[in-house]
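Please read the following briefing alongside the sequence and the coordinates.

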Amino acid sequence: MLTLTVNQKEYSVDILPSMPLLWVIRDIIGLTGTKFGCGMSLCGACTIHLDGEAVRACVTPASSAAGRQITTIEGLSDNISQRLQQAWLAENVPQCGYCQTGQIMSATALLRKNTSPTDSDIDKAMSGNICRCGTYQRIRKAIHLAAARNEKLK
Amino acid sequence: MSKIPAINRRNFLKAGAVAGGGLLIAISLPTVVKRLASDKSSGAMIPINSFLRIGEDNHIHIILSKIEMGQGIWTTLPMLIAEELDCDWNKIKVEHHPSGKGDDFKAPKFEQGTGGSSSTLSQFDRYRMAGATARAMLIEAAAKKFGVQPNECRTENSFVIVGDKRMSYGEVATAASKLPVPKIQLRQPGEWKYIGKSQKRLDGPEKVNGQAVYGLDIRFPDLVIAVVAHPPVFGGKIKSFDTGKAKSIDGVVDVVQIPTGIAVLAKHYWAAKLGRDALQIEWDAGLNQNMDSEQQANHYRKLSETKGLSVQQKGDVAAGLQKSERKIDREFLFPYLAHAPMEPLNCTVRIDKDTCEIWTGTQWPLLRQTEVAAFLGLNPEQVIFNTPHMGGSFGRRGTFGADWVMEAVNIAKASGRFIKLIWSREDDIRGGYYRPVYLHRVQIGIDNKGMPSAWQHRIVGQSLFVNTALQDEIAPNGLDYSSLDGVNGSPYITPVPHHAVELITTTYGVPVSAWRSVGNTHTAFVMETLVDELAIMAGKDPVAYRRILLKDHPRHLAALNLASEKAGWGGQLKTGRFRGVAVHEAMGSFVCQVVELSIVDKKVIVHRVVCAIDCGLAVNPDGVHSQMEGCIVFGLTAALYGEITLEKGQVQQTNFNDYRMLRMNEMPIIEVYIVPSSEKMGGAGEPGVPPIAPAVANAVFAATGKRIRRLPIQKELLKG
């Protein structure tokens, strides 16, 4: 038995030790906002936060997350992530939407560390997240917009 | 503004009551698919409807006749209803209809087939008429309650208003449902409040908070996950297999053989995947084990020296070429391309005694339903088809035969279980149904003014539509027009005094399917890089040369002029930057793109893309912008990196490491401009793809003097 804390709630799960966090979150705990895209840490669709750091759940063994805070898109509630989600809507970002939860998880981790990222900061933080619909330009604008709103509200 | 057609209601609008109260407007959609459904299945003709439902709770339910896959139709079709209905935009709820569930009308089945960038233009009148009809009935019902004449009423934000009195649509919906369907008049463009004005996506909120349910997210307590070991070569068969190790993995519940491989069933994906890894299978690779991309190219090259099926012909092309001042002879080669939607293919299936229920994202629910019914020996009505959100498609979820759906049905049947099939990314990249390999062989004679005087054009490749449900429409007599779109009837070829366009259709052991913008993915590249080459040979500016050839094609010209003006064509560029241009018509829209790039260590860096589109009326301008941006990224990804290759019969690529996607750090600035146009409406989901690859190739020529005639571009440049 492994105890995991997901979105501030404790879950006891009986799993294979090698099982990636992605499948524990999706298939066992039942939170499906975290997506499967590649299984090899190549696309970022499965991005979650482990103690606030953006990580790829598809290659993170569940056992390594014991005793740490796991946050998924369903558990985002701080001002930064909410402003990002509002900015995503303001810029009309999503198309198919499948990658967007992972994009927002990456963007949240970025803005928490860097309140006013440059384009190059955004490139560095977001290049691990693939969007096949090609919404990158709007994602960039939404991050800048959320950062600007954060500054205003400081 | 577009012309408002004369209104003929025929019989396609029906009104009725909703169980529990409310007004229902059903729009029947007689289309080609209706005929397909009746032809290709044992079932009778299926009524095809779409719904607008106004509940007593004031909610406006719009049940789509089209499928949302990212293109925005979830928002655009409701805009058309809202335009006439004067409803509260925030009270609109949209859903895909679950085909086969008789909840509102008897046996409602939707056409739903979504492709060819045709949804907005094909539904433009129907959805507005549904909204107008509902509004007229709501007004009439309210007028009766108010004791006034309908023409004394006005409507706003889901209320019928007379003087200072108002009644909500919900309050009068049930009374309205008892009235006969009235004659209505659609609003004039000058009165439009929604059409032509950008709207926020109605599916936005659920897509940013993780609540949107995709096929992969379908969950039930008794559902097991299935992962399939597919043959390493297309068409391969199982010789022998041992499931002992797989079955010993904790969580694996079953292993079954199906026609397309061995399926491992487990309580969750990870156990199923480990089970698949542990299978010991001996494959008979079969007839396709020697497939090889280079050999295929050589074979196609030989075929291109033979005569093909004539598609378009004028004068005497051989004589024309011979007597021309100068001549060029060019070959172009395009690789297989995978669609790679972000959501891997998946399908949930439950087979009960007399029914089969399916959850999967597909562009053709109705066609899928009839295919599954035929396979299981059921009537189409017994197959319930649910369409959750789709994590992209680009054609992959529209394949004929529905490979992944049939695979899932086979697993459910063989195992007797309620299953969800999940393909891994590797299954997706290696799973076929690619944009086909094409080879073009073009010989052009040039006159003393530098203009084309003879043009022989042969295209070699697999057909997308022969032996499919759309054969009669798209590939009559074996002549697949989807292989030719963009060459056949090209404004560059048609006026040439001596010309011949021919098609040589091949068969090859790789399954193929339409890929965003279909034939235009290769034809636009050939035409637009050739015209660029002709311009340079003639000593003319590429934009100016195109203007001469396109002088009788105002919509091409409008897009070309707007994009080149906005891009500052001919103006100064930063040192090391170069421009390229391409203009192409696809799906009834005319798109021009101007690329600005630099090349550093043989690597292409695209800085800026200026795009102009004439799609006629742009119903949701921001939606058109989004689609152009998406098309450009999709096309640029393929142009620079996209390639599926075969060696010893096996696909060489596996995942996003060797089938690369464009990423944030490679993203150019994209500017989109919509040509103000009152011309016929075209599509928006696909026509932004074709021009980007040739525009990049033309800019690469400007930068390096090298003409790219084999894709992908980056690989060609690195070759030296």
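In chain B, the domain assignment, whose bounds come from an automatic or database source, gives domain 1 (13-208), domain 2 (215-286 + 345-422) and domain 3 (293-336 + 434-719). This is a predicted model, in which local features need pLDDT of at least 70 and side-chain atom pairs count only at pLDDT 80 or more, while totals for chains, interfaces and linings use all residues. Residues are numbered from 1 along each chain as its sequence is written, and chains are lettered from A and ligands numbered from 1 in the order in which they are written.

**Domain contact in chain B**
- The C-alpha centres of domain 2 of chain B and domain 3 of chain B lie 37 Å apart.
- Their contact, which requires C-beta atoms, placed from the backbone, within 7 Å, takes twelve residues from domain 2 of chain B and twelve residues from domain 3 of chain B.

**Contact between the chains**
- Chain A gives 42 residues to the contact, and chain B gives 49 residues.
- Elements giving two or more residues on the chain A side include helix H1 (21-29) and helix H5 (136-153) of chain A, helices being DSSP runs of H or I with at least four residues and strands runs of E with at least two, numbered from the N terminus.

**A sheet in chain B**
- An open sheet of three strands has the order E6-E7-E8 (chain B) with antiparallel pairing, where a pair needs at least two DSSP bridges.
- Strand E7 (residues 159-162) of chain B pairs with E8(B) over four bridges, and Val160(B) stands opposite Met167(B) in E8(B).

Methods
Two residues are in contact if their C-beta atoms, placed from the backbone, lie within 7 Å.
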